[in-house]
Amino acid sequence: MPITKIEKINSNSFWCLWEITESLDQLFGKITLSEDGKSEMEEISHPAKKQERLASRGCIQELVKQFGKEYKGITKDEHDKPHLIDVNFHISISHSFPYAVAIIHKKLHVGIDIEKPVEKLGRIAHRFMNDDEFADCEGDMKKLCIYWSGKEAIYKLNGKVGLNFKKDIRIFPFIHHKRDIIRSEFSVAGTTVKIALNYQELHEHIICYCF
């Protein structure tokens, strides 16, 4: 069974984690793809990348079932944000082999991201973190990953290009737990939007989502 976790967040929202154990042929046999989705898969040459993309759509397919709706696949807009076909719910997807994640919400825009803490994040931290955020990490690689994954999730929530990770997205200092909700915000067009950012550690990965 590929689904590792389906969690109800509230009456309007669920999120899903899929562990990729299937072959490409098995995934293609399980998951509904739109014409856009089929074209996208044809453009991906790396087998693992193709498995990730398929599994992320498998997550969405399972989440749509939670609401008793028919899943017809997804399409992407000009900002590469995914949308359900013929179902007016909001979705977001992410993947980091061998896992894929997705979130769905009936009413609100959503963002989700999964990352594995790696040394590379420390080398690029200056690109996406302000001084207060970097100081809060104190070399904690998992905490650094929460900042990175959290900003990715907020970026996806906004759904449009142009947000600067370092200047426009802010995550407030927090005490590191296995699972928690932390204060964050982003600024766009002169308006600041406050966000409750959820994070948790699962299978040596960090998963962040927001709506």
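In this predicted model, S94 is in contact with S56, A100, V101, I112, D113, I114 and K156, leaving aside its neighbours within four places in sequence. S94 belongs to strand β5, which covers residues 90–96.

- S94 is buried, because its relative accessible area of 5% falls under the 20% cut-off.
- The side chain of S94 forms a polar contact of 3.2 Å with the side chain of D113.
- The backbone nitrogen of I114 is also reached by the side chain of S94, at 3.1 Å.

**The largest pocket**

- The volume of the largest pocket is about 530 Å³.
- This pocket is lined by 24 residues, of which K76, D80, I93, H95 and K156 are the closest to its centre.
- Two or more lining residues come from each of the elements α3 (47–66), β5, β7 (111–115) and α6.
- Strand β5 makes the greatest contribution to the lining, giving 5 residues.

**Helix α6 and its ends**

- Helix α6 spans residues 141–158 and has 18 residues.
- From the first C-alpha of α6 to the last, the helix reaches 26 Å, close to the 26 Å expected at 1.5 Å a residue.
- Helix α6 is mostly covered, as 13 of its 18 residues are buried.

**M141 in helix α6**

- M141 is located in helix α6.
- M141 counts as partly exposed, because its relative accessibility of 21% lies between the 20% and 50% cut-offs.
- Not counting residues up to four places away in sequence, M141 touches P117, V118, E119, L121 and G122.
- M141 and G122 are 19 residues apart along the chain, and their C-alpha atoms are separated by 7.4 Å.

**Helix α4 and its two sides**

- Helix α4 (residues 120–128) has L121, I124, A125 and F128 among its buried residues.
- Viewed down the helix axis, the buried residues of α4 fall within an arc of 155 degrees, so they line one face of the helix.
- An α-helix has 3.6 residues a turn, so residues three or four places apart point the same way.
- The exposed residues R123 and H126 are carried on the face of α4 turned away from its buried side.
- The packing partners of the buried residues of α4 are α5 (131–137) and α6.

**S13 in strand β2**

- S13 is found in strand β2, which comprises residues 13–19.
- S13 is buried, because its relative accessible area of 0% is under the 20% cut-off.
- The side chain of S13 reaches the backbone oxygen of I104 at 2.7 Å.
- Residues up to four places away in sequence aside, S13 touches K8, F67, I103, I104, H105 and F211.

How values were computed:
Residues are numbered from 1 along each chain as its sequence is written. This is a predicted model: local features need pLDDT of at least 70, side-chain atom pairs count only at pLDDT 80 or more; totals for chains, interfaces and linings use all residues. Side-chain values use heavy atoms; hydrogens and water are left out. Helices (H or I, at least four residues) and strands (E, at least two) are DSSP runs, numbered from the N terminus. Buried means under 20% relative accessible area, exposed over 50%, partly exposed in between (1.4 Å probe, protein chains only). A polar contact is a pair of N or O atoms within 3.5 Å; within protein, one must be able to donate a hydrogen and the other to accept it, and residues adjacent in sequence count only if both atoms are side-chain atoms. Contact means heavy atoms within 4.5 Å. The expected span of a helix is 1.5 Å times one less than its number of residues. The arc is that of the directions from the helix axis to the C-beta atoms. On a 1 Å grid over the protein atoms alone, a cavity is a set of points where a 1.4 Å probe fits but cannot get out, and a pocket is an open set with protein on both sides within 12 Å along at least five of seven lines; lining residues have an atom within 4 Å of a point. Grid points are joined across faces, edges and corners, and a volume is the space filled by probe spheres set on the points.
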